[in-house]
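Which charged side chains pair up in this model? The report below takes the salt bridges in turn.

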Amino acid sequence: MSYIIRDKKYDNLYQLAKDAYKDTTFFATYFKSEEFLQIINKVNKEKHEKILKLKLMILPDDVFVFRVSYILNPYMSFRLNGFCFKDYKSLGEAILAYGPDYNGTLMEIIRYQLLSKHMTTSKISKTDHALFKQVLEIEHLGENDSLLAYFMLGYLLSKKDTIIYHRHEYKDICNLCYYLFRDEQDLCTLGNSLSHSSLLKAYGYFHPNKNLNEYFHLIKSLENNEMHLNDFLKQKEKQS
C-alpha cells in the first residue's frame with residue numbers, strides 16, 4: 001500500500017514516519033486528520049488506538065509528532081522537530097553545544113521524558129538497561145530541575161569531559177574560570193553566577209576530580225579577597 005502526501009510517494013508508513021520530524025507543523029495536523037486515522041485503522045487497529053489516545057492529550061506539535069512517529073516506526077534513530085541524530089552520543093553533544101543556555105526543542109526531551117520513551121519503543125531499554133536506568137533517574141530529576149537534568153543528560157550521553165560555554169570549549173573548570181575572570185570587572189557577580197550554574201553542576205557530577213577544588217577556591221576568593229584571585233590568574237597566565 002502506497003501513500004501520496006504533499007506530492008511525495010511513500011511505499012509504507014515506516015518511510016512516512018522517518019520524514020515527519022522535518023515538518024512538525026504539517027504532520028501534527030495530518031496525524032490528527034480523519035484521512036490519516038482511517039488509514040491507520042485499516043492497517044493496524046492497535047496503533048490506531050494508541051494514536052487516538054495521544055490525540056486527546058495536550059502536547060506541543062513536535063512532541064505529538066514524535067510520539068506518533070515512533071508508534072508508526074519504533075526503530076528509527078532519535079528524531080525531533082528538525083533534529084536527527086545517528087546515535088545517543090551525538091544527541092548528548094547537541095545538548096551541550098548550547099551551554100550555559102539551552103535549546104528549547106531539546107529541552108522538551110527532558111520535560112516530556114522523550115528519551116526513555118524512545119528507548120522503550122526501540123527496545124534499547126532492554127539491551128542497555130544500565131543506561132536506561134540512568135536516563136530515568138535524570139528525567140525524574142527534571143521534574144524539579146529541568147535545566148540541571150538537561151545538562152546531566154548531555155554529559156551522560158556524550159561522555160564529554162570538557163565544558164562548552166557560549167560556543168567556546170574549555171578543557172576544565174579552572175581553564176574556563178581563567179578566561180572568564182581575566183577580563184571581567186564585576187567578579188563577584190560572575191562568581192555568583194558560576195557557583196549556581198546548572199552546566200557546571202552537571203559537569204562536576206560526571207567529572208568530580210577535574211579541578212573542582214581549584215574552582216571552589218576561585219569562588220571563595222571572589223567572595224573574600226579579589227587580590228588572591230588576581231594573584232591566581234597571574235600565575236595561571238604564566239603557565240599558559
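## Salt bridge count

The model contains six salt bridges. A salt bridge here is a side-chain nitrogen of Lys or Arg within 4 Å of a carboxyl oxygen of Asp or Glu.

The structure is a predicted model: local features need pLDDT of at least 70, side-chain atom pairs count only at pLDDT 80 or more, and totals for chains, interfaces and linings use all residues. Residues are numbered from 1 along each chain as its sequence is written, and side-chain values use heavy atoms, with hydrogens and water left out.

Asp23 and Arg6 form a salt bridge, with N to O at 2.9 Å. This pair joins distant parts of the chain, 17 residues apart. Asp23 lies in the loop between helix H1 (13-19) and helix H2 (24-31). Arg6 lies in the loop between strand E1 (3-5) and strand E2 (8-10). Helices (H or I, at least four residues) and strands (E, at least two) are DSSP runs, numbered from the N terminus.

Asp23 is partly exposed, at 25% relative accessibility. Buried means under 20% relative accessible area, exposed over 50%, and partly exposed in between (1.4 Å probe, protein chains only).

## A pair within helix H6

Glu93 bridges to Lys89, and their closest N and O atoms are 2.6 Å apart. The two sit four residues apart in helix H6 (residues 88-96), so about one helical turn separates them. Glu93 is partly exposed at 28%. Lys89 is partly exposed at 42%.

## Further bridges

Glu169 pairs with Lys160 at 3.0 Å, N to O. Glu169 is partly exposed, with a relative accessible area of 47%.

A network of salt bridges links Lys8, Asp19 and Lys22.
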